[in-house]
Amino acid sequence: MSRKEAPRWASKLDKMLEKIIAIVGNTNVITDKKDLLTYKYAATASGMPPAAVILPESTEDISRILQLLYRYEVPVIARGAGTNLNGGTILAGDNGETVVLELAKLNKILEIDPDNRYMLVEPGVTNLEVQLAAKPYGFYYAPDPASQQVSTIGGNIAENAGGPRCVKYGVTANHVQGLELVLSDGRVIVSNGPLEGLPGYDLTGIMHATEGTFAVITKAWLKLMKLPEATKTLMVIFDSLDDAANSVSQIIAQGIIPTTLELIDKPVLQAVEETVKIGYPLDAEAVLLIEVDGFSVALDSQAQQIISICQKNNVRETRVAKNEKERDIMWEGRRGAVGSIARLKPSYAEEDITIPRTKLPEMLRTIARLAKEYSLIIGNVFHAGDGNFHPVVLYDERNAEETQRVTDVNYEIMKEAAKLGGTITGEHGIGIEKLKGMPLTFTEDTMVFMRKLKLAFDEKDILNPGKVIPANICDLVSRSNQCQISAERKPKIKDFMEAIEHVGIIIGEAFLDKYACHGQKPCCAVKANSTEDVINIVQLANKHQASLIPWGQGSKSDVGCRTVPAETVLDLSNLNRIIDIDFGNLTATVEAGVKLKDLQRLLLEKNLFLPVDPIQKAEPTIGGLTAANSTGSLRLQYKTIKDMLLGVEVVTPEGKQIKYGGKNIKNVAGYDLCKLFVGSWGTLGIITKITLKLFPLPQQAIYKTFSMEDRGLFQSFLNEIYTGLETSSLDFVISDRIYYVNIGLSGPAEAVDMQAKILNGLFKPGIKQTAHVEDRALQYGKSFIIDKLPTGYFQHSGLILKSSLLYTDITRWIDTILKAAGDTKVIIYGHAANGIVISYFPEVIDNSTIRKAVSKFEQETSWGVHIIEICSNQFESGHTDARKQMEFNSSHLKAALDPSNILNPGRSVGGRYYE
Amino acid sequence: MSKLDKIYEDIVACNKCGFCQSVCPVFRETRMEGSVARGRIALLREAAEGTLPFDEDLKETLYGCLLCKHCQENCPAGVKSYDIILKAREVLAKEHVPLVQRFIFNHILQFPKRLTLTNRLLKLYEKSGIRSIINKTGMIGVLGPVAKAEDIIPGNISRTFRDLEKTLTPNLSNTVIRVTLFVGCGTNLLVPDQGIAAANSLREFGCAVSIPEVFCCGLPASSYGYTKVARALARKNIDIMVAENSGYVVSDCASCSGSVREYPKLFDKRDPYYVKAIELADKVIDYSQLVLKLLAGRALQGERRVVTYHQPCHQSRCLEVKEEPKRLLADIEGISFIELPEADTCCGAAGSYMATHPEMSEKILERKMENVRRTGAAILVTSCPACLLQLQRGAKKFNVPVKVMHLAQIINNAKP
């Protein structure tokens, strides 16, 4: 391009590129026009070529580059392997000054820590490289997208990638512990690192499926899991699609969660049979590929259960792989499926929708109907276990009319999915290709809120602009004034109280004691009876500049701190309807005020439960638990509410109702607001309705408690269990110098028996077994701890210090605390395998003692975050990375989403950092 | 509509999934889209559709490729990237022919004696600076198997395979298995030892081995887009080898046997040579496969050494032989065989690639040698003269304490 034709931005860009070349060197900046043409496409879509491609080699490079791009306001697209299926890494419009930040050179595995079960990688490492690196240690990384041999971890996180194993193990977001991020202005933030249970907004979770629009991911701490001892693979053939689909939902409803549950329909299996000879009968309607994994002793009975369900559904033929070779052949059919059918025509489009599992037959019929209506060949090969469809539509892209029909049919498929309570994308993302589908699942208010969230991270909108949120919505949100909490609120409490009298139930002065936080009563309290009430109250609060504290049962109101005195408490306990329990789909939808025990009681009757067990005696509400992301002993096997939350309805600080998600296990449409609101402690919105994933009760569960007095014995015993067994919980309590360890074993009866035997073998002199409890409802993990805590703990007196640590640092931390306490009484408990330790001092201990202990410990260890959950004293000191995360949280997210500071002002999110 | 019409359908078959990135040795180093099949094919598509001129500017797009075929093997959509690149090179060569190249392909490569002479001259004038002239004029880039030797020509070569032929073990008297050994240019001119080991070992196993004087297999010519020259060479070789009337055609050079196996691709179906080419191609067998057949389960005794194996691209992906050489080594008593990580990844020699792209070739070689180091092997075995020389150079350059040998040498040294 000659100078004459050069667009206006060209000279600005040249100037900037010169500076960038100074950072990364000549060879790492591509400006050759021909070479740039190779960056105009991704796996499916294509657009304009970028103005330049930059290949940084370190976080520091990226930080400096982003500082420049931020200053010059040049749009930038972070890219990994360019394998996305939604156009996520291509230019959205015609802004030719956009540059691509190619992360492929950040491709090092930085650390593998088998003891603490994580791997630290750079974003350009491929998913397969992670699997291969983990394997020699006996570990694996659960997410396994079909593109795993090329797709990078950075891209997997940006898209929240799934894969066949998701049915049992969840998606990428469930397996990433922490991130290092570079914000659009070049600031580097570490979120969580390898630690669990940290306070603050969950930046790591929020970052998933944001498609590079929030920040650039530069490091990721991935969770590793033990490789299963054995796997069993079944291939089941059906003469009717309905029978196959019904079998899928019945298998899961029966409490068997296979590792994978894939469905291949007739057109696809015929195409597969033409390329690879698997031995599929050509007249069959559907093939299910089912895999279960775990301890080998337990697999036969699981396979038998699956077979008998299929038999009830008129199965035609069942094959069980007898060896690795037979398994490979079965998988070859699945792996080659898309390729085989794609060969029938020059082009294909792979749709990606998710629907609740119980709607499988309906969706399959709909797709068949659409294929006929639009005269197109559509094959189905998909993750049936989580309702994630990938209809493969065949066409010739050079035929414009046919291509249009494909576009139309894809839109119809999205529409039908949305109608069935599904989502328009389960694992591929929105990018630009699905922008038009966004209004099918989200209201305008929801999308506006998402846009604000995006601008909270990237106020100049330079990171991958034009993706995820439709342009007309972006136009509604101004980019200015994003990061300031308005200086002074001048609440008019009296006017506010008068106004809300007509809306909710005002609590009488005499009963306000119930709503006291840190011993202080609020000015007033109001009870909402419906979501509409909540909306009205929040709108009035805005009008009168009053602040609100959302309230469930108040069981955690003293946790952390509050720097602004409470004005009005908004009591949500009357929002207590259980709206829907879907036993086929394993989900429950409830209002925020529903008590955990009430939901649990209903679920237990059906052999299901919600695996959360916070260590408290009060009766928390589901809303409260979600806002605090609170759980206890069960977090080892089931993780936290963050991982079970599928949908939320929230009233925003401005009084708008927004809705995200639903009953779908896989969902990457829009920004994941579940991750934003879970653990946000009512500071960003008021959660009114919640949909959660449910779990079947294990076939068998036992707890064994041991006690010992020797510290060395405790350490070695704990280690042996941690490395030698697969426990569903592993907790300890140290009280009066006695070490108690409680071990939960659950699952198929054969597996529990086998593990119990191994456990008996670990028995040593000096160890006493103090309890053996059979408890299928898995409540003993919690009661073991509660029984050993004094009442003061539950009345929130004294000091509660919560520490997030690496597993390998736990005993050292215990020593540190015991030593610091000296003769002062202290009870320590923890969820060992999660690295969470809580130290409870019934009487408030001297500041300097704890401070000294913490700072000594921090000198010796690289990771550790300590927060004060309960204490009346002031403390100082803290952790740098943790503090950085905090600073970002308060200054950006809160300010951008609640600029008037209406909701829970001055509230610490989860606890007070030890500072 | 375009010069690339013939391959347009193959080009549009690429659905841009990007799987080629996971196996491409060049991409592994550059991490740039332009150096992987998806990028190369995308540019060819632009050219085919007229949005990008098809000219010299695309030379690097075509010649930056190793032709290792790894992407093609790994492609879920079955895109024939290897064929696409070769065809495109052919189209480009028709219009943009450097004189030196034309001279070499037309006047040297097709004449074994001149080729031998070139090699001798090359060595003779090595000290007088002709090397740098050859390099600068780009002549080195088209010398094919000879050029591969630039900077790695073994110092102790004094005679060619043909010179040494009379020292070979004679055929046993009562043999039934008739084998034609194809001794290519690389073996003949640079590493005659491996050809000798191949001939001797086969004769000891009871084969009647004939070693006709053949022409260059044509691979260097077809790689440079000189399909016509390659076809002419193929015709000559077909005539020679068909006349031998053997049961098997084998070579110690996987590139040569791969090339002969692909002769049918050079001919139109109506060409009388097409049928002959197929007949010949069907007889091509890899050395390792033949030896396994001859051993019929008998075990060999070898030295107590740790051995690993580098798989030449043409062996794994033209001959589609993967397991046999490794099985052969692992079955030799005494040898402890260790699998080489990324064994079937190109070593960076890739014909004249190592001369035309020395820096890239060296990076690829370095990764290969680091993988070798990790195995701890004392002997690194392979099946191609170009790979062998490249690996020898790598061992020296990156200080990996490993001896590089041809599979035939190991077999020849082993005792029944």
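Biologist: Let's start with a helix. Why does the distance between the end C-alpha atoms of helix 14 of chain A agree with its 20 residues?
Modeller: Keep in mind that this is a predicted model. Helix 14 of chain A covers residues 400-419, and at 1.5 Å a residue it should span 28 Å. The end C-alpha atoms are 29 Å apart, so the two values agree.

Biologist: Which residues of that helix are buried?
Modeller: In helix 14 of chain A, the buried ones are A:Val406, A:Val409, A:Asn410, A:Ile413, A:Met414, A:Glu416, A:Ala417 and A:Ala418.

Biologist: OK, and what covers the buried residues of helix 14 of chain A?
Modeller: The cover includes three strands of chain A, namely strand 16 (347-350), strand 17 (353-354) and strand 20 (391-395). It also includes helix 13 (360-373) and helix 15 (438-441) of chain A.

Biologist: What follows helix 14 of chain A?
Modeller: That would be A:Gly421, with a positive phi near 80 degrees.

Biologist: Switching topic: how is chain A divided into domains?
Modeller: There's domain 1 at 230-436 and domain 2 at 700-913. Their C-alpha centres lie 44 Å apart.

Biologist: How many residues of those two domains are in contact?
Modeller: Six from domain 1 of chain A and five from domain 2 of chain A. On the domain 1 side, helix 10 (residues 296-312) of chain A gives the largest share, with four residues. That side of domain 1 divides into three nonpolar, three polar and no charged residues.

Biologist: And the contact between the chains, how many residues does each give?
Modeller: Chain A gives 22 residues and chain B gives 22 residues. On the chain A side, the elements giving two or more residues are helix 2 (33-36) and helix 12 (337-342) of chain A. By type, the chain A side has 11 nonpolar, seven polar and four charged residues.

Biologist: Over in chain B, does strand 4 run parallel or antiparallel to strand 5?
Modeller: Parallel: strand 4 (residues 306-309) of chain B is joined by two bridges to strand 5 (residues 336-337) of chain B. B:Val307 stands opposite B:Phe337 there.

Biologist: What about strand 6 of chain B, how many bridges join it to strand 4?
Modeller: Three, and strand 4 of chain B and strand 6 (residues 379-382) of chain B run parallel too. B:Tyr309 has B:Val381 as its bridge partner in strand 6 of chain B.

Conventions
Residues are numbered from 1 along each chain as its sequence is written. Chains are lettered from A and ligands numbered from 1 in the order in which they are written. This is a predicted model: local features need pLDDT of at least 70, side-chain atom pairs count only at pLDDT 80 or more; totals for chains, interfaces and linings use all residues. Two residues are in contact if their C-beta atoms, placed from the backbone, lie within 7 Å. Ala, Val, Leu, Ile, Met, Phe, Trp, Tyr, Cys and Pro count as nonpolar, Asp, Glu, Lys and Arg as charged, and the others, Gly among them, as polar. Domain bounds come from an automatic or database domain assignment. Two strands pair if DSSP finds at least two bridges between them. The expected span of a helix is 1.5 Å times one less than its number of residues. A residue is buried if 20 or more other C-beta atoms lie within 10 Å of its own, exposed if 12 or fewer, and partly exposed in between; C-beta atoms are placed from the backbone.
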